[in-house]
Amino acid sequence: MGSYRMMNDRLTHPRRGDSPPGSVYRLQRSTPDELVLGNRSRSSECYAGNVVRLIAVALCAGCGRLGFDAPIDSSIGHDEDGDGVPDTFDVCPHIPGPQLDTDHDGVGDDCDPEPTNPRQRIALFAAMTPDDQPFSFRGSGDWTQRADAMHFDGKFDGSMNYGVALQNAQITIGVDVSAVVGATSQHQLALGATPDPSLPHHYVELNEMLPGLSLAAVTHFDGTSYSYPAAQLLSTGLHGGQILLQETALVGTSVQLDGGWPGESYHLSLPTTSYQGTDAVFFVANNLVLDLQYVCIVAWP
Ligand SMILES: [Ca+2]
Ligand SMILES: [Ca+2]
Ligand SMILES: [Ca+2]
């Protein structure tokens, strides 16, 4: 059965120690299976999420208030977004906010590409702590494991690779760029999903080579050269700060970029049939001193 922990829902239990009538509780464990206990005053609904449904129903018999009140406490685990819900139990570990998951698929509305179609899963969330980063790092520059990030020293290029079989996928990384190296060097953050980077594929990037190029783009690599079939000028170049970069790759449909800096976001969608699934994802940085803070992959059939 594993171990379970009773969690308060942030919507109905906004403050630690406060248990208003109608509170919603979630009983979860750190596996893909999730048991959910509901105690909703409006619907008087009991619901359970997996094979332990019968136990859930027994515990929830009568839909009365449950007899215990476990506060949300980040000390029980890493809390990437600082919203008080540990990553393991957070339906959007990288986005602070309410634990709203309309379709109950375990992926919160704020990070669910289809919030009313229950078919998503968080295929990976890596907090980049020493015990929570499964990636391979290489490049001409040095990567250093920090307490809560992987640090890249900005000496030319660095890359991260991760083998994972995906169909439809939304891959999100959080990066803190602390220095942009060399006025005329290439400054680049690229993120993609392809079985083989040497073969033609699309990927998303923030890419600057001055003078002349400063783009957010869905880029196409044809095996030899690069083109930018969906692109937008970066308003103030590739500068430091907190960056979110996200690729949404839909099989036979499109590749989409979302991301940028707080207050400076970019959204580009390229209709294309080129993406047909992958067994690996990659991230590349060029001439940027940065900390890679998290990687989140939401996947669906
Ligand atoms: Ca959290
Ligand atoms: Ca969150
Ligand atoms: Ca959902």
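Guide: Start with Leu233. Leaving aside residues up to four places away in sequence, Leu233 touches Ser214 and Leu215. This is a predicted model, and every contact here is read from it. Leu233 lies in strand S13. Ala216 is 17 residues from Leu233 in sequence, yet the two C-alpha atoms are 6.3 Å apart in space. Leu233 has 12 other C-beta atoms within 10 Å, so it is exposed. The cut-off for exposed is 12 or fewer.

Now step back along the chain. Ser225 sits in the loop between strand S12 (213-221) and strand S13 (226-233). Ser225 has 7 C-beta neighbours inside 10 Å and therefore counts as exposed. Pro200 is 25 residues from Ser225 in sequence; from C-alpha to C-alpha, they are 9.4 Å apart.

Next, the sheet. Seven strands form an open sheet, in the order S5-S8-S17-S10-S11-S12-S13, with antiparallel pairing. Strand S5 (136-139) and S13 stand at the edges. Each has a single partner strand, so one side of each has no neighbour in the sheet. Direction ignored, neighbouring strands of this sheet are turned by 20 degrees against each other on average. Strands of a sheet pair through backbone hydrogen bonds.

S5 pairs with strand S8 (residues 157-166) over four bridges, in the antiparallel sense. Phe137 has Met160 in S8 as its bridge partner.

Some loops deserve a stop. Phe156 is in the loop between strand S7 (150-152) and S8. Phe156 is not a glycine, but its phi is positive, about 65 degrees. With 15 other C-beta atoms within 10 Å, Phe156 is partly exposed. Met128 is in the loop between strand S4 (121-126) and S5. Met128 also has a positive phi, near 70 degrees, in a residue other than glycine. Met128 is buried, because 23 other C-beta atoms lie within 10 Å. Pro211 belongs to the loop between strand S11 (201-209) and S12. The peptide bond from Leu210 to Pro211 is cis, with omega near -5 degrees.

Ala216 leads on to the core. The largest nonpolar core has 54 residues. Ala216 is among those that touch the most other members, along with Ile173, Val175, Leu189, Leu191, Leu245 and Leu292. Strand S18 (residues 288-300) gives the largest share of this core, eight residues. Domain 1 (3-119) and domain 2 (136-300) each supply at least three residues to this core. In soluble globular proteins, nonpolar side chains tend to be buried together.

Take Val175 as one example. Not counting residues up to four places away in sequence, Val175 touches Leu189, Ile243, Leu245, Leu290, Leu292 and Gln293.

Finally, the whole chain. The protein chain has one helix and 18 strands. Of its 301 residues, 37% are buried. Among contacts between residues at least 6 apart in sequence, 51% join residues at least 24 apart.

One caution on confidence. The mean pLDDT of the protein chain is 82, and 75% of its residues reach 70 or more. Over residues 1-72, however, pLDDT stays under 50. The model has 101 contacts beyond four places in sequence for that stretch. Where pLDDT is low, the predicted coordinates should not be read in detail.

Key: Residues numbered from 1 in each chain as written. Chains lettered and ligands numbered in written order. Predicted model: local features only at pLDDT ≥ 70, side-chain atom pairs only at ≥ 80, totals over all residues. Helix = DSSP H or I, 4+ residues; strand = E, 2+ residues; numbered from the N terminus. Buried ≥ 20, exposed ≤ 12 C-beta atoms within 10 Å, placed from the backbone. Contact = placed C-beta atoms within 7 Å. Core = buried A, V, L, I, M, F, W, Y, C linked by C-beta atoms within 7 Å. Domains from an automatic or database assignment. pLDDT = per-residue confidence, 0-100. Pairing = 2+ DSSP bridges. Axes fitted to C-alpha atoms, helices over the stretch in contact; angles between N-to-C directions.
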